[in-house]
Amino acid sequence: MVRDRHEELEAILVLGTLGAPRRAGLRGRRGKRVEDAGAEPVPTTRATVIRPHPFNSSEEAERWLARQRKQADPREEELDHAAAILNRALHAHRVASADPAVPDVSPARALVIRLGFGDGEAVAEGRYAAAWELPRERLRTRRSMEAPEQRFAELLTRREEALPAEDLVLRARADLDAGREREAALQARVALESLLTSLPAQSPDREPLEEQREPVAQAANAALSGELDGELAEAMHGAVQRMEAALRRRRLGA
């Protein structure tokens, strides 16, 4: 069960492993000789996020499912909420196991996404009274004017160096998307200083970003002792968006 900051039940999260059995660790084994390095079967994790309160009737549930199929905004809201619940669990696992390699997830990287309803125990096992599987094209990340494949090659071959601020801003964005505003504020402060150091003096983004220094510093200081209030949180969200825009313009200009 997943609870919010007020200890109210927010969702029920069910995790299960499907498919191939988990491979044993390599520690203490001598390994084996291979001639054909074929694909290795791997397990698949199924995460089911169940709303804490049931529908009042099957008709209400049917209307909800029809709305998810026809309207993008309610569907995106459901997917974002489910991803946030799962990422909260992954964050807890990452901290509890002290394993920095545990990643966050996004709907765009899911193998399959299904929206449906049914009996609680049946849904937890993947059986629905009615469900809809999103087509793959709905899960693709939107393309932009940028050419990530080309830049990937340039970074890999060291024809271009990534700015430290790029990774720091990405971490701040990941924290924001996962609802970790305190962590995002601390990341944003370092990211902003790093980005300002990297921008040329004549950059049109320098002055707007300089104006973000004080609110970002206030948000970071507040994050050290507790949750951010609405005004500081909004300012910090805006600062991260400005940093993202500045980095985007730099990439396009390059």
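Student: How many aromatic pairs does a search of the whole structure find?

Tutor: The search finds 2 aromatic pairs. Rings of Phe, Tyr and Trp (its six-membered ring) pair if their centres lie within 6.5 Å; planes under 30 degrees apart count as stacked, over 60 as edge-to-face and the rest as tilted. This is a predicted model, in which local features need pLDDT of at least 70 and side-chain atom pairs count only at pLDDT 80 or more, while totals for chains, interfaces and linings use all residues. Residues are numbered from 1 along each chain as its sequence is written, and side-chain values use heavy atoms, with hydrogens and water left out.

Student: Why is the pair of F55 and W64 called tilted?

Tutor: The ring centres of F55 and W64 are 5.5 Å apart and their planes meet at 50°, so the pair is tilted.

Student: What makes the pair of F55 and F117 edge-to-face?

Tutor: The planes of F55 and F117 stand at 75°, with 6.5 Å centre to centre, and the pair is edge-to-face. F55 lies in the loop between β3 (43-50) and α1 (58-70), whereas F117 belongs to strand β4 (residues 114-117); the two are 62 residues apart, and the pair links distant parts of the chain. Helices (H or I, at least four residues) and strands (E, at least two) are DSSP runs, numbered from the N terminus. Together, F55, W64 and F117 form one aromatic cluster.

Student: What makes up the largest nonpolar core?

Tutor: A nonpolar core is a set of buried Ala, Val, Leu, Ile, Met, Phe, Trp, Tyr and Cys residues joined through side-chain atoms within 4.5 Å. The largest has 27 residues, of which L195, L209, L228, M236, V240 and M243 touch the most other members. At least two residues come from each of α5 (164-177), α6 (181-198), α8 (213-223) and α9 (230-253). The most come from α9, with 8 residues.

Student: How is the span of α5 judged against the expected value?

Tutor: The expected span of a helix is 1.5 Å times one less than its number of residues. With 14 residues, α5 reaches 20 Å from its first C-alpha to its last, close to the 20 Å expected.

Terms used
Buried < 20%, exposed > 50% of the residue type's maximum accessible area, 1.4 Å probe, protein only.
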